[in-house]
Structure formats: C-alpha cells, structure tokens
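Colleague: Hi! Could you walk me through this one before I set anything up?
Modeller: Happy to, here it comes.
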Amino acid sequence: MDTRKRIAWNLRRLRTSASVTQEILAVDAHVDRTVISDLERGRHNASVDLLDRLAQALQFDISELFVVPANTDDEPPPIKPGRKPKAR
C-alpha cells in the first residue's frame, strides 16, 4: 500500500470511528468537503499543514495517518452524509 492510499485508509478509519461526516471535518479543518473526499479516495496530495489540521480537528496525533493497516482490517464503513449523529 503506497503512502497516499495509507493516508486515505487511516483518515476514513479515524473519521468514521469518531462519527464525523466529511462535511463536519471539512468545516473544522477549513477546507472544502471535496478535499476530504479526494483525500479518502487517494486522489489528493495533502500538505503537512493540511494533515496537521485534520489531525487536530479529529483530535489524534498526525502519526495515526501513517499506520500500516493489518491485512485482516476491513475497509472503514461509510457513515450517512450530513450533520454529526446525535449521541444516544
């Protein structure tokens, strides 16, 4: 897995585990939602500054974006678009 795909995988994993939509993350990281979508598809080459803003917005260390997923890890599931789900 190349680095761009690894970042895409981990960004989606971290975002969905926090139940944050692409729209909310985009607002919190001060980017357009299409940038988040392109990153998660491995189509955008992010700057270190952008990766740092994403990490801060999701409250994790930037190094989490470079973790190599295990071969047994399933693809992170999508969440519904729109606002952040209400806590139960």
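Modeller: One term to start with: buried means under 20% relative accessible area. Keep in mind that this is a predicted model.
Colleague: Thanks! What share of the residues in the protein is buried?
Modeller: Of the 88 residues, 38% are buried.
Colleague: And how many helices and strands are there?
Modeller: The protein has four helices and zero strands, giving the pattern α-α-α-α along the sequence.
Colleague: On to electrostatics. How many salt bridges turn up in the whole structure?
Modeller: The search finds two. In one of them, the side chain of Glu40 meets that of Arg15 at 2.5 Å, N to O. Glu40 sits in helix H3 (residues 33-40) and Arg15 in helix H1, so this pair ties together parts 25 residues apart in sequence.
Colleague: Are Glu40 and Arg15 buried or exposed?
Modeller: Both Glu40 and Arg15 are buried.
Colleague: Which side chains form the other salt bridge?
Modeller: Arg13 and Glu64, at 3.8 Å from N to O. Arg13 belongs to helix H1 (residues 3-17), while Glu64 is in the segment after helix H4 (48-58), and the two are 51 residues apart.
Colleague: Why does Arg13 count as partly exposed?
Modeller: Because its relative accessible area is 28%, and partly exposed runs from the 20% cut-off for buried to the 50% one for exposed. Glu64, at 30%, is partly exposed as well.
Colleague: Last topic, surface. What is the accessible area of the protein?
Modeller: About 6,000 Å², with 47% of that belonging to carbon and sulfur atoms.

Methods:
Residues are numbered from 1 along each chain as its sequence is written. This is a predicted model: local features need pLDDT of at least 70, side-chain atom pairs count only at pLDDT 80 or more; totals for chains, interfaces and linings use all residues. Side-chain values use heavy atoms; hydrogens and water are left out. A salt bridge is a side-chain nitrogen of Lys or Arg within 4 Å of a carboxyl oxygen of Asp or Glu. Buried means under 20% relative accessible area, exposed over 50%, partly exposed in between (1.4 Å probe, protein chains only). Accessible areas come from the Shrake-Rupley method with a 1.4 Å probe; for residues, only the protein chains shown count as cover.
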